[in-house]
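Work through the exercises below with the sequence and the model side by side. Each task is followed by a solution in steps.

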Amino acid sequence: MSKTITALLLTLLLAGCYEADIPCSVVLIGDSVMQETSGVLGFHLLRRDNAPMLINNSIGGMTTVAAGADVYWAERLTNIQAEVDVSHVFVSLGINDVSFYGQRPDGVNELWQYMPSALDSIMESVSPDVEVHWLVPHLCLDDSRLAGPEVQVIRQQLAEAAERWDNLHLIYIDDKPEWIDDDLIHLNTLGEKGVALEMIERIK
């Protein structure tokens, strides 16, 4: 029986029923939200026979700008593009900046000072024809242990960056509170799937 199945699969392959092309390359960067979502995204995206190439560089606890993270992200994206022709970059960053700057006496003013240039540095590191999709820190954070003005500062700066950069597209999930975990920070299982499918929908 196994020989018959193997022969059938070989026949299908030789007949060209599978599409082996790689239509595009997708990069994921970000924090624990992206790290947790990437497994669901990879499952739904990569089960196609002509799936895109997926590069996952999500790291729990990572920030956008705090501790020089923007330099790291810009260099990583530059180096990835030197090896691969990237089409889409999906980003989940900002939540840990809320935590970092929220603990500093002048954190809000530091965010106003440092975040715009950090966002521009990250965007400058990608080619103009690369579409960047950024998951915006959600409004449920206002009721979480990270609550503070830093949430709104980062949201506003992302909105302003999207005005400066034609290839920066924002993903908002404020109308999906059912996607947010009990800690009001991370996504729950429903949210991970919902965000993953939203991202896949944006890949053309």
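**Exercise 1.** Decide whether G42 is buried or exposed, and list what G42 touches.

*Solution.* Step 1: the relative accessible area of G42 is 11%. Buried means under 20% relative accessible area, exposed over 50%, and partly exposed in between, with a 1.4 Å probe and protein chains only. G42 is therefore buried.

Step 2: G42 sits in helix α2. Helices (H or I, at least four residues) and strands (E, at least two) are DSSP runs, numbered from the N terminus.

Step 3: leaving aside residues up to four places away in sequence, G42 touches R47 and L54; contact means heavy atoms within 4.5 Å. From G42 to N56 the C-alpha distance is 9.2 Å, at 14 residues apart in sequence.

This is a predicted model, in which local features need pLDDT of at least 70 and side-chain atom pairs count only at pLDDT 80 or more, while totals for chains, interfaces and linings use all residues. Residues are numbered from 1 along each chain as its sequence is written, and side-chain values use heavy atoms, with hydrogens and water left out.

**Exercise 2.** Do the classification for H44, and find which residues H44 touches.

*Solution.* Step 1: H44 belongs to helix α2, residues 32-46. Step 2: its relative accessibility is 17%, so H44 counts as buried. Step 3: with residues up to four places away in sequence not counted, the contacts of H44 are K193, L197 and I200.

**Exercise 3.** Check the span of helix α3 against what its 15 residues should give.

*Solution.* Step 1: the expected span is 1.5 Å times one less than the number of residues. Step 2: for α3 (residues 69-83) this gives 21 Å. Step 3: the end C-alpha atoms of α3 are 21 Å apart, which agrees.

**Exercise 4.** Which residues of α3 are buried, and what do they pack against?

*Solution.* Step 1: the buried residues are A69, D70, W73, A74, L77, I80 and Q81. Step 2: viewed down the axis of α3, they fall within an arc of 135°, so they line one face of the helix. The arc is that of the directions from the helix axis to the C-beta atoms.

Step 3: an α-helix has 3.6 residues a turn, so residues three or four places apart point the same way.

Step 4: the buried residues of α3 pack against β1 (25-30), β2 (53-58), β3 (88-92) and α5 (107-124). On the face turned away from the buried side are the exposed residues A82 and E83.
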